[in-house]
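Hi,

Here is the structure I promised to pass on.

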Amino acid sequence: MRFFFYGTLLDGGYNAVAAWLHGRMELIGPASVAGVLEAVPDPEGWYPALLEGDGQVHGRLYETAADFGAEDLARLDAYEDYDPLQSESSLYLRQTLTVKLASSGTGNGTGSGDSTCQAQAYRFNRPLPAGARAIPHGDFVRWLAEEGLAPFGG
């Protein structure tokens, strides 16, 4: 199973769930999805909200370990406040999105080397709260550094 992460679950993580998760997944590489990104304030730090849109959201693509199972998926869903049995009230929805892998460059002049695949990603499922801020360039980690702000759980 593949996952696209763009915020607090990126490797090098900001919290215990990210640290656990990256023991259960392998990094494929930098990637992006279509959409727009907003930063949501929380007393414990900022977290990103992926929304539908015409921009690009930057993150990384991961592959789960062979023994990644239902309990692992349930723990990940719980962190994202996603309940597949009550999706309408979930903070995020886990959806299959088309992910574009960043080119590593082939060096042979035959093209960019970009490719796409399908992966699971968590898309925000609520109206944006007061204080949410747009991230025009679609890179949450870069935005945190530019603004000097702390991530959720960081």
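Before the details, one term: a polar contact here is a pair of N or O atoms within 3.5 Å, and within protein one of them must be able to donate a hydrogen and the other to accept it. Please also keep in mind that this is a predicted model.

That term comes in handy at the start of helix 3, where a side-chain oxygen of D139 comes to within 3.2 Å of the backbone nitrogen of V141. Helix 3 itself covers residues 140-147, and F140, W143 and L144 are its buried residues. Looking down the axis of helix 3, you'll find these buried residues within an arc of 100°, so they line one face of the helix. What covers them? Strand 2 (25-40), strand 3 (47-64) and strand 6 (133-134) are among the elements that do. Just past the end of helix 3, G148 has a positive phi of about 70°.

Now for a residue in the loop between strand 2 and strand 3: W46. Is W46 buried or exposed? Its relative accessibility is 13%, and the cut-off for buried is under 20%, so W46 counts as buried. The C-alpha atoms of W46 and L149 are 7.5 Å apart, although 103 residues separate them along the chain.

Stepping back to the whole chain, there are 3 helices and 6 strands, in the order β-α-β-β-α-β-β-β-α from the N terminus. The radius of gyration is 15 Å, close to the 15 Å that the globule rule gives for 154 residues, so the chain is as compact as a globular protein of that length. The C-alpha trace spans about 50 × 35 × 25 Å along its principal axes. Buried residues make up 42% of the 154. Of the contacts with a separation of 6 or more, 70% are between residues 24 or more positions apart.

Cheers

Notes:
Residues are numbered from 1 along each chain as its sequence is written. This is a predicted model: local features need pLDDT of at least 70, side-chain atom pairs count only at pLDDT 80 or more; totals for chains, interfaces and linings use all residues. Side-chain values use heavy atoms; hydrogens and water are left out. Buried means under 20% relative accessible area, exposed over 50%, partly exposed in between (1.4 Å probe, protein chains only). Helices (H or I, at least four residues) and strands (E, at least two) are DSSP runs, numbered from the N terminus. The arc is that of the directions from the helix axis to the C-beta atoms. Contact means heavy atoms within 4.5 Å. The radius of gyration is taken over C-alpha atoms; the globule rule is 2.2 Å times the number of residues to the power 0.38.
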